[in-house]
There are 2 protein chains.
Amino acid sequence: MSTSRLELIALPGLPLVRPGDDLADLIDAGIAAAGAALADGDVLVLAQKIVSKASGRIVDLRDVTPSPRAKELAEAVMKDPRMVELILSEATEVVAHRPGVLVVEHKIGVVVANAGIDHSNVEQEDGSEYVLLLPEDPDADCRHLRQTMADRHGVDIAVVINDSVGRAWRNGTVGLALGSSGLPALWDLRGHADLFGRTLEVSQEAMADELASAASLVQGQGAEGYPVVLVRGLDCPASTQSARALLRPRDEDMFR
Amino acid sequence: MSTSRLELIALPGLPLVRPGDDLADLIDAGIAAAGAALADGDVLVLAQKIVSKASGRIVDLRDVTPSPRAKELAEAVMKDPRMVELILSEATEVVAHRPGVLVVEHKIGVVVANAGIDHSNVEQEDGSEYVLLLPEDPDADCRHLRQTMADRHGVDIAVVINDSVGRAWRNGTVGLALGSSGLPALWDLRGHADLFGRTLEVSQEAMADELASAASLVQGQGAEGYPVVLVRGLDCPASTQSARALLRPRDEDMFR
């Protein structure tokens, strides 16, 4: 990798995203507002919340009826049983739980607290209790946007969808890649030489996750959020790999 | 946070670091070679290996005598017993192990495979088996460099020391902060408002880790490595927090 300079530009002026919005249109306007134009090798990092909103992944908790299992688990973790029902319906496995936290493997393969379901930054109506679910297929969303930008502008870019997630052993959240298209999400350096010409033994860099974290630094999380970040200067080959390459197979995982 | 543009510049022309080298001198030369000058608010991210080398954290495996416990564990994980002895001597707790991997809590508090001990990128002499240990007190190393740069150039910068580490649940390594000084390593957004004026409930961003990951994208890991990255444009207050803020207390951790 010979990258030596990287620029991250948070796109200004993006409006609140609503179900049915065309994200490519909004991003094109944002890039123009930043005085930029997409070029080959650029990476767009999109916050999960705008992808989920655009595709209508919104549920009103008033419409959720908790199952007996959800009620039981809700008592153990001291959460709203309707929320636990939603979490379980989005999950393939409960990885760990304790009061306040329910860590699951989401259907998309990511291990994440509360199945990534979020109350924050969701617009409410009178009496509504809307929450936002993760996208159903974030890799497909990335591929789709990448193709749209290729069709519209003739450029070969990469796209990552990120979310802020907690981790084992450490406080605080970091940006993580839920979806990826167009770059080696898991950059394989095995076989490359080290500084002294010896072969690197174990070296796979989770590049899509590192991009997700880098973008998170300029996205913000509250009222001043910038959900789309343009990353310029990343020097890596195009790739057909998706963010699924980042999922450790269950039988190789020591922590569940 | 109102950051909207971030630049990462890998410093060119840094020589191989040897025990006793003055990192501040090397970094000053690198910044000059990049045509830049340090300014208030800049962040320097240093790869762990150069900090460890400069402070002489090098051990020759030929000088290590494995204890009975190290021999036993070495058999279970199929590793060199001398390496296991070193790992145990650097660790406060064995968190998990299986053939090929020994995950421990390092004395500095980070949970990391093989206590972060590395064979790669260490210069060898005739017959030597040198390996590199993590710095003894990376937070202190960061504070020291921050102060040196303040004394030399009259600037208020932040410093992070990063390393590439593996994680639970996911493939590949990401840059993680071993040490930090001068910025809110764990940025606390609780109490801030979301897009719709409601208070964010849970939102602590592991900013030093995200910086560590961002820098890793331009550092490279092999022969073309750039161990020092200048990050410009991060908008956050100065802080006396260290990277210890990122360590989840054992009794709050569900994964050990």
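## Salt bridges within the chains

In chain A, a network of salt bridges links Glu93(A), Glu105(A), Arg250(A), Asp253(A) and Arg256(A), where a salt bridge is a side-chain nitrogen of Lys or Arg within 4 Å of a carboxyl oxygen of Asp or Glu. Side chains of opposite charge can pair when their charged atoms come close. This is a predicted model, in which local features need pLDDT of at least 70 and side-chain atom pairs count only at pLDDT 80 or more, whereas totals for chains, interfaces and linings use all residues. Residues are numbered from 1 along each chain as its sequence is written, chains are lettered from A and ligands numbered from 1 in the order in which they are written, and side-chain values use heavy atoms, with hydrogens and water left out.

Over all chains, the rule gives a count of 36 salt bridges. In chain B, the side chains of Arg256(B) and Glu93(B) meet in one of them, at 3.2 Å from N to O. Arg256(B) belongs to the segment after β12 (228–232) of chain B and Glu93(B) to strand β4 of that chain, so this pair ties together parts that are 163 residues apart in sequence; helices (H or I, at least four residues) and strands (E, at least two) are DSSP runs, numbered from the N terminus. Arg256(B) has 27% relative accessibility and counts as partly exposed, a class that lies between buried (under 20% relative accessible area) and exposed (over 50%), using a 1.4 Å probe and protein chains only.

A further salt bridge joins Arg152(B) to Asp22(B), with the closest N and O atoms 3.5 Å apart. Because Arg152(B) lies in helix α5 (residues 138–153) of chain B and Asp22(B) in the loop between β1 and α1 (23–33) of chain B, the pair ties together parts that are 130 residues apart in sequence. Arg152(B) is partly exposed at a relative accessible area of 35%, and Asp22(B) is likewise partly exposed at 37% relative accessibility.

Arg57(A) is placed in the loop between α2 (48–54) and β3 (58–60) of chain A, and it counts as buried at 14% relative accessibility. Its contacts (heavy atoms within 4.5 Å), leaving aside neighbours within four places in sequence, are Ser52(A), Glu90(A), Val131(A), Leu132(A), Leu133(A), Leu134(A), Pro135(A) and Glu136(A). The side chain of Arg57(A) reaches the backbone oxygen of Leu134(A) at 2.7 Å.

Glu90(A) forms a salt bridge with Arg57(A), the closest N and O atoms lying 2.9 Å apart. Since Glu90(A) is in helix α4 (residues 81–90) of chain A and Arg57(A) in the loop between α2 and β3, the pair ties together parts that are 33 residues apart in sequence. Glu90(A) also counts as buried, at 6% relative accessibility.

## The interface of chains A and B

In the interface, 78 residues of chain B are in contact with 78 residues of chain A. Between them the two chains bury about 7,000 Å², 55% of it on carbon and sulfur atoms, buried area being the accessible area (1.4 Å probe) that two parts lose on being put together, summed over both. In chain B, Trp169(B), Arg170(B) and Leu217(B) lose the most area to chain A, together 14% of what that side buries.

Six salt bridges are counted between chain B and chain A, and Asp209(A) forms a salt bridge with Arg167(B), with the closest N and O atoms 2.7 Å apart. On the side of chain B that touches chain A, α6(B) gives the most, with nine residues. The residues of that side divide into 40 nonpolar, 19 polar and 19 charged.

## Strand pairing around β1

Strand β1 (residues 5–10) of chain A is joined to β1(B) by five bridges, and the two strands run antiparallel; strands pair if DSSP finds at least two bridges between them. Within this pairing, Glu7(A) stands opposite Glu7(B), while the bridge partner of Ile9(A) in β1(B) is Arg5(B).

β1(A) also pairs in the antiparallel sense with strand β12 (residues 228–232) of chain A, over four bridges. There, Glu7(A) has Arg232(A) in β12(A) as its bridge partner.

How values were computed. A polar contact is a pair of N or O atoms within 3.5 Å; within protein, one must be able to donate a hydrogen and the other to accept it, and residues adjacent in sequence count only if both atoms are side-chain atoms. Ala, Val, Leu, Ile, Met, Phe, Trp, Tyr, Cys and Pro count as nonpolar, Asp, Glu, Lys and Arg as charged, and the others, Gly among them, as polar.
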